[in-house]
Amino acid sequence: MTRHAILLVDDEKNVLSALERSLRKEPYTLLTAGGAQEGLTLLSAREVSVVVSDYNMPGMNGLAFLKQVKAEYPHILGIMLTGQAELDIAVQAINEAGVYKFIQKPWNDADLKITLRRTLEWLDLASERDRLLQKVRSRDAILSELEKQHPGITRVERDADGCLRFDD
């Protein structure tokens, strides 16, 4: 299984330290950025699975940052960390930035860990689904080519009981 990298973005150093402390024993590689621009720089240099971003940051807020992340790195899931529980921000973040989950400040460490585990499980399952779909498409292409070369080769005949029928 892949060791996932999680990028934590917040302009408050004490918040980043608290997040790191909460997650230090988890099986992830943790990266931190003190703002959106630093986060974008890290993303351009490193493979990341999940971005946890504060909403209220100077320069570029978390919504604008996660929108840009989604546009440039559609495979990355975004989680918004916010002290503001406003419905319009949540709706905008989901609709415009594809935010996967919200975590309210102050967060509960256990809830944070569970949220990240579930997020990464979802990513792993989606990756496995995509791998299997690709395998099925590849097999379908092979069968299609065989059918062109040998018409009827992929046709299966069954008797009244549902058993396969083979002609001698």
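In which sense do strand β1 and strand β3 pair, and over how many bridges? Strand β1 (residues 5–9) and strand β3 (residues 50–54) pair in the parallel sense, over 4 bridges. Two strands are taken as paired if DSSP finds at least two bridges between them. Within this pair, Leu8 stands opposite Val52 in β3. The model is predicted, and local features need pLDDT of at least 70, side-chain atom pairs count only at pLDDT 80 or more, and totals for chains, interfaces and linings use all residues. Residues are numbered from 1 along each chain as its sequence is written, and side-chain values use heavy atoms, with hydrogens and water left out.

Helices (H or I, at least four residues) and strands (E, at least two) are DSSP runs numbered from the N terminus. The two strands belong to an open sheet of 5 strands with parallel pairing, in the order β2-β1-β3-β4-β5. Its edge strands, each pairing on one side only, are β2 (29–33) and β5 (101–104). Neighbouring strands are turned against each other by 20° on average, direction ignored. Strands of a sheet pair through backbone hydrogen bonds, either parallel or antiparallel.

Axes are lines fitted to C-alpha atoms, for helices over the stretch in contact, and angles run from 0 to 180 degrees between N-to-C directions. Helix α2 lies across β1, β2 and β3 and runs at about 140° to β2. Helix α2 (residues 36–45) also packs with α3 at an angle of about 15°, the axes being 10 Å apart. That angle makes α2 roughly parallel to α3 (under 35 degrees counts as roughly parallel, over 145 as roughly antiparallel, 65 to 115 as roughly perpendicular and the rest as oblique). The crossing of α2 and α3 is right-handed, a crossing being right-handed if the near helix is turned clockwise from the far one by less than a right angle, and left-handed if anticlockwise. The contact (heavy atoms within 4.5 Å) is made by Ala36, Gly39, Leu40 and Leu43 of α2 and by Phe65, Gln68 and Val69 of α3. These residues divide into 5 nonpolar, 2 polar and no charged, where Ala, Val, Leu, Ile, Met, Phe, Trp, Tyr, Cys and Pro count as nonpolar, Asp, Glu, Lys and Arg as charged, and the others, Gly among them, as polar.

Helix α3 (residues 62–72) packs with helix α4 (residues 87–97) at about 20°, with 9 Å between the axes. The helices α3 and α4 are therefore roughly parallel. Their crossing is right-handed. Leu63, Leu66, Lys67 and Lys70 of α3 meet Gln92, Ala93, Glu96 and Ala97 of α4, and this contact comprises 4 nonpolar, 1 polar and 3 charged residues.

The axes of α1 and α5 come within 10 Å and cross at roughly 70°. These two helices are therefore roughly perpendicular to each other. Leu19, Ser22 and Leu23 of α1 form the contact with Asp109, Leu112, Lys113 and Leu116 of α5; by class there are 4 nonpolar, 1 polar and 2 charged residues.

A search of the whole structure finds 6 salt bridges, each a side-chain nitrogen of Lys or Arg within 4 Å of a carboxyl oxygen of Asp or Glu. One of them joins the side chains of Lys105 and Asp10 (3.2 Å, N to O). This pair links distant parts of the chain, 95 residues apart: Lys105 is in the loop between β5 and α5 (109–149), and Asp10 is in the loop between β1 and α1 (13–23). Lys105 is also joined to Pro106 by a cis peptide bond, with omega about -10°. Pro106 is placed in the loop between β5 and α5. Most peptide bonds are trans.
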